[in-house]
Amino acid sequence: MLRVQPFSTNNQNPAFGQRSVVIFTPECLKRKLSGVVRTALRQEGVEVIKEKKLRLPGDFLSEHFANISDKPTFKRVIDFMRSGNSRVLIVQDKNATKPVGELCIQIKNLYNKPGEQIRDLLYASPSKEASDDILRAIQFNLLG
């Protein structure tokens with residue numbers, strides 16, 4: 001069973017206890033890693049509130065990755081994210097050992113295959129505002 005290395009952290013950090021968005025990319029689903037990633041997050045105190053499987057809209061991706069629109073990798077990133085379904089999770093990290101973004105980076109590092117082009121497996125929203133923007137853009141209603 002996968003166990004993410006815990007380390008002590010200050011639970012007074014305002015990043016704890018908030019809802020965040022985690023996106024399992026098409027690569028994560030293709031490699032059938034969503035179960036072990038979900039288990040790793042749960043082991044670290046992250047609770048999945050709701051999830052939805054969908055193909056992310058191109059207009060959302062273009063806006064979301066606008067900060068790299070002038071880079072040569074922009075088209076590849078959009079094509080990669082449009083290459084299949086993604087799974088969008090709303091998570092609560094109230095009892096997490098560290099912020100969700102840090103957990104996702106640690107999990108990604110465990111599954112990057114040596115010598116292969118690194119494909120992102122996960123994306124974690126960096127803030128509550130970013131989470132809200134993502135959910136609004138893909139019309140993901142917490143109650144619906």
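Here are a few questions and answers about this predicted model.

User: Which residues of helix α4 are buried, and which are exposed on the face turned away from them?
Analyst: Happy to start there! Helix α4 spans residues 74-81, and its buried residues are Phe 74, Ile 78, Phe 80 and Met 81. They sit on the same side of α4 because they cover an arc of only 160° around the axis. The face turned away from that buried side carries the exposed residues Lys 75 and Arg 76.

User: What do the buried residues of α4 pack against?
Analyst: Recall that Phe 74 and Ile 78 are among the buried residues of this helix. The buried residues of α4 pack against two strands and two helices, namely β1 (19-24), β3 (86-92), α1 (26-30) and α3 (58-64).

User: Which element gives the largest share of the lining of the second largest pocket?
Analyst: This pocket has a volume of about 210 Å³. Its lining includes Phe 60, His 64, Asp 133 and Arg 136. The largest share, 5 residues, comes from α6.

User: How many disulfides does a search of the whole structure find?
Analyst: A disulfide needs two cysteine sulfur atoms within 2.5 Å. For Cys 28, the nearest cysteine sulfur is that of Cys 104, 9.6 Å away, so Cys 28 is in no disulfide. Across the whole structure, the number of disulfides found is 0.

User: Is Cys 104 buried or exposed?
Analyst: Buried means under 20% relative accessible area. Cys 104 has a relative accessible area of 2%, so this residue counts as buried.

How values were computed
Residues numbered from 1 in each chain as written. Predicted model: local features only at pLDDT ≥ 70, side-chain atom pairs only at ≥ 80, totals over all residues. Heavy atoms only, no water. Buried < 20%, exposed > 50% of the residue type's maximum accessible area, 1.4 Å probe, protein only. Helix = DSSP H or I, 4+ residues; strand = E, 2+ residues; numbered from the N terminus. Arc of directions from axis to C-beta. Contact = heavy atoms within 4.5 Å. 1 Å grid on protein atoms, 1.4 Å probe; cavity = no way out; pocket = protein on both sides within 12 Å on 5 of 7 lines; lining within 4 Å. Points joined across faces, edges and corners; volume = space filled by probe spheres on them.
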